[in-house]
Amino acid sequence: MELIVTEKDNAARRIAAILSDETAEARRVDGVNVYGWGGRRCIGLSGHVVGVDFPPEYEDWRNAEPVELIDAPVEKQPTQEGIVRALRRLARRASRATIATDYDREGELIGKEAYELIREADEDVPVDRVRFSSITDREVRSAFDDPDEIDFDLAAAGEARQVVDLVWGAALTRYLSLSAGRLGEDFISVGRVQGPTLKLIVDREREIEAFEPDPYWELYATLAGEEGSFEAQHVYEGDDGTQQRRIWNEARAETADERLTGAATATVTTVDRRGRTDDPPAPFDTTQFISAAGSLGYGASRAMSVAEELYTDGWITYPRTENTVYPEDLDPADLLSDLSDHAAFGDDAAAVLDGDVEPTSGDTESTDHPPIHPTGELPARSDLGDDEWELYELVVRRFVATCASPAEWEDLSVVAAVGDVEEEPLRLKANGRRLVEAGYLAVYPYSDASERAVPDVREDESLSVRDSRLASKETQPPRRYGQSRLVETMAEMGIGTKATRHGVIEKLYSRGYVESDPPRPTRLATAVVDASEEFAEPIVTEEMTARLEADMEAIARGERDYDEVTAESRQMLAEIFDRLADAHEEVGAHLRESLKADKTLGPCPDCGSQLLLRSARDGSQFVGCDGYPDCEFTLPLPSTGRPLVLEEACEAHDLQQIKMLAGRKTFVHGCPRCRAEAAEDTPDRVIGACPECGADAGGELAIKRTRTGSRLVGCTRYPDCDYSLPLPRRGAVEVTDETCDDHALPALRVTYDSREPWELGCPICNYRTYRAEQEGSELETLDGVGETTAEKLREAGVEDLAALRREEPDALADRVDGVGVDTVEDWQAQAD
């Protein structure tokens, strides 16, 4: 049996479908999907199934000093037990194995981990390596026809990165967290790449805060001639001989304004027409793809997540690449011909194909993966979700644009003068542009193709002066880095890799170092950077991490050794800890001060002290007064997520607003006083009798708003009766005319501003369905599983869907009367 190992399950499913001509069937081995056909079995991993960590004696933060981690041994341990068991089980039966993980540093390391697990099961089984840049029929079959060997140097570079990041991240994170007294889930993390990235964001914020605006003035007028009117701006020659538009002296601006206001005409002195060629863009590498996706509103992490889905489904090539030169084996004309059959892009691709197809190229050429481009396999619009389609269209149009002709522009510059011969003329200038040949702009709507019209005028023509105006302005501070620009800057400075940069930014958000988009640093972020700069600057400088990245690239090229690089990195870290040895108390005090500031919302309405984010003994979060125990004023917070104090303040209460960080369910809670007062001011809306106490005590169910901002259906006799049902936090709840026959309650509808309403229905029925899906009775949500069959499954040891997924179909079918192997496999497919 030949065993094929891919990086993820969806890649395994697609590769199996390609190689088997759609005949592969899925079976479960140790709860893992395995696709089989003929003498082949294909299993997908879940990224790294083996991780690196310190031995157990280093786990207790209080018993192992951070400095001890520098020279601590590193062990490899399975992180996905089920997948590792399945891989070993299959390996013992295999006569040959093929590694088909992604072709990059991480993919090669994942492949090496699989190789080692296979060889542990059978040290004699031959192991091949196949590589491809798109999961398409042609590339996959070609790769399997010409297998290669694992690149152990490239894998060693990935392994070195793992160990270096573990040692640096663990040691520094423990040091900072222990210094600040932040343990548990609130630890302060920092790492080799995270630190320099955070400093970039903090440095930009410092520039913004230190910026002092300078006033300036700009002077405009409308000029009118025989062919029409246009706006022109006053220009003059600066002290350095260059043309200036901003007037930095107010008296001079007012004098110029008076002259222009009093002028009736201006004489055209210069008419300059020039042709300009606008070349098509270079092919997409990862950084430029993220940048282009950012202009469409996608964060770096989301853009890459969608791109990886498109790659795995076979629609685009591998999205992690630094290459901007199409390889010789790619025929752009053939791909354009394929695209010309697509309903959405066909006309544009055909139009480009009619001309000379000579694609552009960028500055970087590599041999691992081509630039990101569509494959010859084309999805219909209905095959993709909205995000997937929008970014797929971006990739397609970028490829088509790189094959298109340049755009041709005609630029027009007109200069007119106001004033007589006895005084220095006041010059007015207007610039226009006209698109002569659209070229690539006809197929790539993401570039600016707008025209600026300036009517035809001739030299010495007299134009009338109308509607002059003097605009008072100020210089603006530098803008915060957007996510895409941050990725570009990281790439320019050698911080991180194409595969890791977007993940670093996501981690900064998840750890509470930045908020909003563009990312703004929190006080904690500034405190970490301040402390690092004062006591151990290499933690946050790019030189150190760029050097280590270069060392790992050298390992991949076979020029340096894994042991040598990891030993040098440990020595670099030891030198940093030498600087930190005597700064424990100072660093801790600095961080604690900033942490408190990061938790401060504003004045307490009862005593005037500061309101802070606090934690209860059960771990829940609330707003409490810094004057406790003398002042016991509190405000509740939602139970979902971790609170983050925002920059925006409530005008009514002078309190900072709060965002609850909860992954994709993150939401802005707003001012906690506003939320609490709104709950007190919102009357309950009765919708029916309480099923718990309505008959005996007259309790009624009502739609209520709590002081945390959440909503529920609860009994009006609370707290004597605590019966309640949850409602969604967002949207407007409407009571409909439909009534539930079982519970005599009206059906509820939740409406939203930007999406279709949710027909929630009877709140009791809705909640029971939800509980059935979430708890043990979720087995009954499967087609074909009723109450009796669910009980049989529980008697066989299958309590929930997770347990069902882990079962071997043959073994479970033997334990449950009346259930066959095919039925179990069908249930497992539904559970997935």
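Modeller: A residue is called buried when its relative accessible area is under 20%. Keep in mind that this is a predicted model.

What is the closest cysteine sulfur to that of cysteine 715? The sulfur of cysteine 693, at 3.6 Å. A disulfide here requires sulfur atoms within 2.5 Å. The two sulfurs are therefore too far apart for a bond.

Next, the rings. The whole structure contains twelve aromatic pairs. Take phenylalanine 345 and tyrosine 392. Their ring centres are 6.1 Å apart and their planes meet at 65 degrees. Planes over 60 degrees apart count as edge-to-face, so this pair is edge-to-face. The two residues come from distant parts of the chain, 47 residues apart. Phenylalanine 345 sits in the loop between H10 and H11, while tyrosine 392 belongs to helix H12. Phenylalanine 345 is buried, at 2% relative accessible area. Tyrosine 392 is buried too, at 0%.

Tyrosine 392 has a second ring partner, tryptophan 389. Here the centres are 5.9 Å apart and the planes stand at 50 degrees, so the pair is tilted. Why are these two separated by about one helical turn? Because they are three residues apart in helix H12. The general rule is that an α-helix has 3.6 residues a turn, so residues three or four places apart point the same way. Tryptophan 389 is buried, like tyrosine 392. Together, ring pairs join Phe345, Trp389 and Tyr392 into a cluster.

Helix H11 covers residues 346-353. Its buried residues are Gly346, Ala349 and Val352. They span an arc of only 135 degrees around the axis, which means they are on the same side of H11. The face turned away from that buried side carries Asp347 and Ala351, both exposed. What do the buried residues of H11 pack against? Their partners are helix H10 (332-339) and helix H12 (386-403).

Helix H2, residues 81-91, is the other helix to look at. Gly82, Ile83, Val84, Ala86, Leu87, Leu90 and Ala91 are buried there. These buried residues pack against strands S1, S2, S3, S4 and S6, and against helix H3 (105-121).

H2 also has a charged link to H3. Arginine 88 and glutamate 120 form a salt bridge, 3.1 Å from N to O. Arginine 88 lies in helix H2 and glutamate 120 in helix H3, 32 residues apart in the chain. At 29% relative accessibility, arginine 88 is partly exposed. Glutamate 120, at 54%, counts as exposed.

Another joins arginine 273 to aspartate 456, with an N to O distance of 2.6 Å. This pair links distant parts of the chain, 183 residues apart. Arginine 273 is in strand S12 (residues 265-278). Aspartate 456 is in the loop between strand S14 and strand S15. Arginine 273 is partly exposed, at 39% relative accessibility.

Is the bridge between glutamate 515 and arginine 520 made by buried or exposed residues? Both are buried. Their closest N and O atoms are 2.1 Å apart. Salt bridges also form a network that links Arg105, Glu106, Arg161, Asp165, Arg192, Glu549 and Glu553.

Last, charges over rings. The charged end of arginine 433 sits over the ring of tryptophan 409, at 4.1 Å from the ring centre. Arginine 511 lies over the face of phenylalanine 187, and there the distance to the ring centre is 4.0 Å.

Key: Residues numbered from 1 in each chain as written. Predicted model: local features only at pLDDT ≥ 70, side-chain atom pairs only at ≥ 80, totals over all residues. Heavy atoms only, no water. Buried < 20%, exposed > 50% of the residue type's maximum accessible area, 1.4 Å probe, protein only. Helix = DSSP H or I, 4+ residues; strand = E, 2+ residues; numbered from the N terminus. Arc of directions from axis to C-beta. Contact = heavy atoms within 4.5 Å. Phe/Tyr/Trp six-rings, centres within 6.5 Å; stacked < 30°, edge-to-face > 60°. Lys NZ or Arg CZ within 6 Å of the ring centre and 35° of its normal. Salt bridge = Lys/Arg side-chain N within 4 Å of Asp/Glu carboxyl O.
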